[in-house]
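These are my notes from a first reading of one protein model. I record what I looked up, entry by entry.

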Amino acid sequence: MKNFELWTADLPFLKGSTLKCGRRPVVIVSDDQSIENNSFVSVVPLTKNLESRQLPTHVLLCSRYLDHPSRALCEQVTTLDKTRLVRRIGYVEDTFDRFAINRALAAQLHLASAQMIYVQEDHFYGYDWKV
């Protein structure tokens, strides 16, 4: 198992969740070291429904490993036990697609603002970090 691999997974039924349960494709978004050291992985489910409204957290994937164009639903990132991963079906080859997934996850988790660190001499946004 590695980051950006495509797998078929058995997603559990979660009461009150909009995440569709059952067997469906996912892309692994955990980093490789985390995958190696844990019994669980973070995944983004894919859907073949391209008719719904496009969100900033959606990424269109057209991979030779997928039966049809699919949308990665990064707002539904979830953690699964590795035993729920059924079969490796390929990986996200395209560098732009990988970047787009990371960007969509950053938007979902509100991490984009964390990249904006203002540096002025020895001060970070008004905080003195001198020790």
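This is a predicted model: local features need pLDDT of at least 70, side-chain atom pairs count only at pLDDT 80 or more; totals for chains, interfaces and linings use all residues.

Entry 1. I looked for a nonpolar patch and found one formed on the surface by Val77, Leu109 and Leu111, with about 240 Å² of accessible area together. I then checked Leu111, which lies in the loop between α2 and β8 (119–120). Leu111 has a relative accessible area of 43% and is therefore partly exposed.

Entry 2. I turned to helix α2, which covers residues 95–108. Its 14 residues reach 20 Å from the first C-alpha to the last, close to the 20 Å expected at 1.5 Å a residue. At the start of α2, I found a side-chain oxygen of Asp94 within 3.0 Å of the backbone nitrogen of Phe96. After α2 comes His110, with a positive phi near 55 degrees.

Entry 3. Which residues of α2 are buried? I listed Asp97, Ala100, Ile101, Ala104, Leu105 and Ala106. The buried residues of α2 pack against β2 (22–28), β3 (40–47) and β4 (58–61).

Entry 4. Along the sequence, I read the pattern as β-β-α-β-β-β-β-β-α-β-β-β. Of its 131 residues, 34% count as buried. I noted an accessible surface of about 8900 Å², with 53% of it belonging to carbon and sulfur atoms.

How values were computed. Residues are numbered from 1 along each chain as its sequence is written. Side-chain values use heavy atoms; hydrogens and water are left out. Helices (H or I, at least four residues) and strands (E, at least two) are DSSP runs, numbered from the N terminus. The expected span of a helix is 1.5 Å times one less than its number of residues. Buried means under 20% relative accessible area, exposed over 50%, partly exposed in between (1.4 Å probe, protein chains only). Contact means heavy atoms within 4.5 Å. A polar contact is a pair of N or O atoms within 3.5 Å; within protein, one must be able to donate a hydrogen and the other to accept it, and residues adjacent in sequence count only if both atoms are side-chain atoms. Patches are made of residues with over 30% relative accessible area and no salt bridge: like charges are joined within 9 Å, nonpolar side chains (Val, Leu, Ile, Met, Phe, Trp, Tyr) within 5 Å. Accessible areas come from the Shrake-Rupley method with a 1.4 Å probe; for residues, only the protein chains shown count as cover. A salt bridge is a side-chain nitrogen of Lys or Arg within 4 Å of a carboxyl oxygen of Asp or Glu.
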